[in-house]
Each structure stands twice: as C-alpha cells, then as structure tokens.
Amino acid sequence: MAAEDLPSEFDVVILGTGLAESVVAAAFSRVGQRVLHVDRRSYYAANWASFTFNGLLTWIQENQEGSHPEEAQDWSSLVEEGEELIRLSNSDSTSISNVQVFTYTSEEDEEEEEAPNTTEEETGGAEGDAVKEASETESADSKEEETEEKQEETAEGGGGGEEEQAPSTEGEEPEADQPAPSAAQSQSEPAKKKKISYTKLVKEGRRFNIDLVSKLMYSRGSLVDLLIKSNVSRYAEFKNVTRILTYRNGQVEQVPCSRADVFASRQLSVVEKRKLMRFLTSCVEETEEQRAYNGRPYLEFLRDQQLGDNLQHFLLHSIAMVTEDTPTEEGLASTRNFLRCLGRYGNTPFLFPVYGLGEIPQCFCRMCAVFGGIYCLRHSVTCLLVDKESNRCKAVIDSRGQRITCSHFVMEDSYVGVDRKKVDTPTRFLSRAVLITDSSVLPSDSDQQVSLVTVPPIAAGRPAVRMVELCSSSMTCMPGTYLVHLTCQSVGSAHEDLSPVVNSMFRTPESPDQETRPSVLWCLYFNMADSSGLEVQGHDLPSNVYVCSGPDAALGHDHAVKQAEFIFQKILPEEDFCPPAPNPEDIIYDGDNPSPTATEGEAEEGEGETKEEKEVQEQEEVQEEQSLHPEE
Amino acid sequence: MAIRELKVCLLGDTGVGKSSIVCRFVQDHFDHNISPTIGASFLTKTVPCGNELHKFLIWDTAGQERFHSLAPMYYRGSAAAVIVYDITKLDSFQTLKKWVKELKEHGPEDIVVAIAGNKNDLGDIREVPMKEAKEFAESIAAIFIETSARNAVNVEELFQKISKQIPPLENPEVESNESFKITRQPTPSTRRCC
C-alpha cells in the first residue's frame, strides 16, 4: 500500500513500543508535544507484547531463525555541515535466546488419548521443523469448520471474506507462498473428555493472548496509580487475581492472605490463625524489635516469631516473595507492600488486565495518538544525526531514508549498538516458560480462577519460580484450557531452570505418572535479556538521547513506570506527568475550533476536586469490597 | 431503564469522514476542518432501544490507521464496528475488504458490522455505485447505509440500525470473578467485557 510520507519535524521521536517508551509517548503527547512513535516490528509492545497462538508461532519461528539484519544503507548525502552520523543497531538478536517448543498433545483429534506425540524444536538446528510447523499453521488457519474438507484442494489464502486467522500482528498478510500440506482432519467429536489437539489449538488460536512477560499489577502500585491518574485505565478492563497458591512438599496449597482467607482457611489450626493475624497486624508498623533484625535474614526474624513451618513458608515465599537470605528490612517492606495492596479491588493484592499485559503499552499508545501522536509500525530509525559541537541529536533518518528533525530522541535499549552501550554489570536473563494445560493446578468450585503460584527453590542453588495460571475468562486462552506462565531469574537456560518445576507440577511425557496433575498440551521455553540494570543516560550517545530498558524480573511494573517518569521530568521538568485526559462527556466542540485546550481546564478542575474525595472514595471502596466477600 | 454500554469502533481509510459521522451523531455538528480525535478517548451518546438504553461508546482510530498501525486493543470488546468509505473515492471502497479482514482477525466473533458510504451529498462525483456496495454488505451480512455527515443524512439511522441488531443481553451469569474497569469513581462499573 502506498504509504504517505511522515511529517519531517517533531518534538520527540520514540523508537520502540515497550511499556516505558509507550508511557513516555503518552506523557509527552498529553502535554502538547509533537510525538512520532515508531517500531520496526509489525506489532506493538516489543518484548512486552502478547500474541495469539498463531502469532506466537510466528514469533518463535522468527527467533529460531535469528534475525536478518538489513543492509546498512549509505545516508551520507543527508548529513549536513557539522553533523556526525551514528548508526543504530538494526538487529534484535540479543534479547531472546534458547527458544524451545514441545508439543505434547496429538497433532489431530483422536478417539482416545494415546501416547502423546512429542516434537521438539531447538534453536538453530531445527529450522526445517519450524518452517514445517508454521506451514501447518497456515494450512489450518484458512480452513473453516464445516467446509474444510472441500477446501482441501482450493488454494491457500482465498478471498478476503473468508475467515482467516493470520498471526496477531497488525494488518500483516499471511505469506501465501507457503506450501499447504493436506492434513486431513477428523472432526468426529466423541462425547467423552479428550485432550485438545494441536490442530484445535491452532484453529482456536485467536482466543489466546500469550504474554512474553509475566507480571501482575499491584493494586496500589505505580502502574495502577498512573492508569487511574491519566485516565488511560478507560481503555482496559481488569480481573482480580483470585488466589495465591504455593507449592510445598509436592502439593499445591492455597495461601491465606486476607483476614477473610485466614479465618476461612482449613489448613491452619486455630493457634496458627491467631499467630498469623497477630503477625500481619504487627508488621504494618515498624517496631524496635524489627529494627534489631536489620541486616539479618528475614527468615531468622520469622523463625524467632515462633510461627511454625506453615506460616513461615507462607510469609517468606508467598507474601514477602523473597528468598531465605533476604534481609529483614527488605522482607518486611515487601510484606507491607503486599498488605497495603490487599482489599482495594479484591481478595489478593493483584490485578491482571483482560486480554493480557500486552494491552497496557497499547493503551498508553492510544492515549498518545488521541492527543495527536503519530504511529508507524514496521518502521524504524536507522541513524541519528548529531551536531558535533553541542553533541545533541538534531535529527534522525528513518528506514525510508527520510530526515526527521527532533528535539529529543527516546529509544528501546536493543537499538543501541553494543559498542555504545555502557553496561556495568553482566547482562542478566529471565527464564520463561509458557504452558497450555488442560486443568488447574488446584481445582476448585470455580474453574475461572486467576492464580499466582509461588514455587520456592526445589533444591539449593535452584531459582525461586513464579507461576501465574490464567483461566479462559481472562481472555488469554481458549475455553477448556489454562495458560500458565513461569518466570525466574536465569541460572541456566530456561529449559534447565524451569522444566524440573514443570515436570513435578504437571503431567508431561517426562512425568507420565503424575496422573492427578494437569496435562501439558504445549509448552514453550525461552530466555529474555533483563536489561533493567541499564542507565537511561550515560552511554556513548548524544545528551538528548534517552534509553529505555526492557522488562525486568520483578512481579510489578515499577521499574518501567519510574523510568518513563524520569525521562519525562528530565526533558520537561515543569510539566505535569500524565494529567488526566478529559472525560468523554466533558468534551465540548467549540464552534470552528475544536481545540483540546478548551477541555483541559475542565479536566484539571475535575482533578482538583478529587484530592480529598479520592481518598475517601478509596476508603469506601475498601470497606465496600471487604463487605463484598462475606462468603469468606 | 437499564443502561447498556456498547463499544463501537470506527474503521476505514483516513479522510472518509469517520470522525465527522461521530461528531454529527454525538454533537449534531459538522466542521470542514475537523480534528476531533484530539483529546477524545471516545465519545458517548445514549439512545433508547426497546426497554433498554444503549449508551454508545464510540471509539475513533485516533489516526493510528494512517500508517496501518491500529492496535489490537482497539477492537477488544466491541459490540459493533462501523466501516466507513467515501462514495466519491473508489479506493476507499476497495479497501473495505481489508478492513473486514482486519475485523475478522482481531475483532470479537459476534460483532455487529455496519458499512457506511459517507459523503452521499456529493452524488454528482460518485465513484462507488450504491448497488455494488449494498451487495458487498449483504455478502458479509453487514448493515448497509449511505450517509452524509455534512447534511445530517442517515447518521441517526445508522446507529438505530446497529442498536436493533445488538443481541439482547444474555442471562447475567453468576460469575465470581468478573472483569471491571478501574477508575477514580468509587464504584467501578462492572460491565462484562463482551
């Protein structure tokens, strides 16, 4: 499609649509700065993205093949007197590694559950397989339920009206030149429960929204506050995380964390209930006794409280979510944060966005666009033009060779060439696994639970693993399945770190005797670089260039939100960070000039009014919510 | 009367009059040099339908369609989509198919689709025959109507037609973990997401 040219002058050009970059974009646009926001990928949110099942298969294929850096073009003709050209990195090969996929369910629907068909594809060596898999995806995509037999011989990618489930990526055409293997499908549906086939996963692929990062939103964390403050929260809906679970002595147990939970708990004795309540009440405020433990492990502090093994486990691993050697002050701070977030919206401290975390950066991008920001995916910046004298970036050259002037440039860290990055500590990695399973790790009355599962190290030197199990009503997986995310700081490769946990908690071909456990239908392992140690500035880059890091290992989103605010305040110290957007009802079209300024005043008034009220409202909220859960 | 919030997303090429249609519907106002997407997260208008009130939350593309960069979140939970083309620009009709395909890929399955041929006040320079457009709409079971945001022709009707096609509310399930909005208001609305 013939694309029009971009305007050639902006206040801020932002490269990469990860969370921090997207918040920065919204913040600048909101206060009237002209923003150009581009991403070389065909989808939003970079390593924060979520994909349909088929979209994820494409992502896997891309990451197994490795990237093909485009040829560096010669833009020297665009360089003006007194300018120097800095090339940006044009490949994203470093952030994702060790991609491994295992399909444990049968390829097609079968009458009876049989020995699962295991296929493995490893990075590098198995390109052929990856291509095969992708082409299977293609072929299954274009089939419709009733007509698939007939369509067998018709060519791929027929008319536009036909239902096609292309990879989730925006507006991308499925490659029509893929060979279409004629995998005949039996559509017989026996009444008895059977495993969902791979074909079915592909066919229902659009019902999945699989996040590359697995985080939760603390209900009083900086991201929730920012979403509410800016009114970006309007663009999304949320669900409560309904349970906190932990894995202990080979069993999955529910962690009682709210007052209601504690009293309803059947695992705890009356004495334990009292002890736990007393402990939770006492640690809200800092005491002399606690201070005495500063610098010593939290575990020691807990031991000395005579809580017993049960409570100690819950408090250390599931409430504070720290390790055995974490200092007491840190453990207590973490515990307090957990308690502070309880009861704002639900029974646990956490929220999860419906359709997955990948929605959040998109919501901020929309806010940016609503205030005039210009969006362009599949578009990159290849070079910076730097004024030699002032060491400031004056303009950038985009992937089409257009010179675009800007006052500030913000970019995702993966675009910074290795030679220009100043990295103090060796790059850390996250180990990730994504499982599609057929039942919950802890079945309950409701099959629509969203659970956080804390898995302490299974042996010395092994990482603590955080697991999030999502149900289909979170709109992240098809009905009848669960989507399970595992995350830890890497010790080895993702498979080395996480497969022992998977095999002990789930039924896989490697753990076939785990009959009572959920079966894994499909799983993916990969490592992602954790660049959160990277500084925003201080690299071998011009002074008005700012670097955003990718996702970090923490459960919450504080790092990205803080980074975005830091960049905004560095550039516009006088301006308000993400003031509320006006309510739709308040927008007044003022004759011939529907200018946003006409509405801003109102919005600010709206803001002013609330300070006190807001707190009252929140308290009311808490009370209301607490009374909302009488059953516990 | 029960108020039901219905998200409607607008699709169509840049310049076909998406924003003008909303502006006419919501504000009964038309402006030649409109830049209404600025600052408007979405616009709302409530219309009665049977014994319900339909509160339309009308989402504009905010210009993100211009460089083919609409985000999937734009389509989430939409009850209806209005795909707009310009009857004086054949190109904008030819890309309808592309928008229908986008919608099939990213939109909810049960979405009500309406196709609006805008600028029908400019009949003398028409490039898209009404018959052809109507047939196309029928082929995908979509509502079809020609509108003029400028002369306020058929804009109300477009939304009335959509209202009528919205399936009645299913029995409110007793779902313990419903999705909700987070706002500064004391009681978050608990509209089901789809």
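**Exercises on aromatic pairs in a predicted model**

Over all chains, the structure holds 26 aromatic pairs. The coordinates come from a predicted model.

**Exercise 1.** Determine which kind of pair the rings of B:Phe25 and B:Phe56 form, and which elements of chain B they tie together.

*Solution.* Step 1: the ring centres of B:Phe25 and B:Phe56 are 6.1 Å apart, and the planes stand at 70°. Step 2: planes over 60 degrees apart count as edge-to-face, so the pair of B:Phe25 and B:Phe56 is edge-to-face. Step 3: B:Phe25 belongs to helix H1 (residues 18–27) of chain B and B:Phe56 to strand E3 (residues 52–59) of chain B; the pair therefore ties together parts 31 residues apart in sequence. Step 4: B:Phe25 and B:Phe56 are both buried.

**Exercise 2.** Classify the aromatic pair of B:Phe25 and B:Phe159, and locate both residues.

*Solution.* Step 1: the distance is 3.8 Å centre to centre, with 10° between the planes. Step 2: planes under 30 degrees apart count as stacked, and the pair of B:Phe25 and B:Phe159 is stacked. Step 3: B:Phe25 is in helix H1 of chain B, while B:Phe159 is in helix H5 (residues 155–165) of chain B, so distant parts of the chain, 134 residues apart, are linked. Step 4: B:Phe25 and B:Phe159 are buried.

**Exercise 3.** Identify the residues that ring pairs link into a cluster with B:Trp59, and the charged end that sits over its ring.

*Solution.* Step 1: the cluster consists of A:Tyr235, B:Phe42, B:Trp59, B:Tyr74 and B:Tyr75. Step 2: over the ring of B:Trp59 sits the charged end of B:Lys7, 3.6 Å from the ring centre.

Methods. Residues numbered from 1 in each chain as written. Chains lettered and ligands numbered in written order. Predicted model: local features only at pLDDT ≥ 70, side-chain atom pairs only at ≥ 80, totals over all residues. Heavy atoms only, no water. Phe/Tyr/Trp six-rings, centres within 6.5 Å; stacked < 30°, edge-to-face > 60°. Helix = DSSP H or I, 4+ residues; strand = E, 2+ residues; numbered from the N terminus. Buried < 20%, exposed > 50% of the residue type's maximum accessible area, 1.4 Å probe, protein only. Lys NZ or Arg CZ within 6 Å of the ring centre and 35° of its normal.
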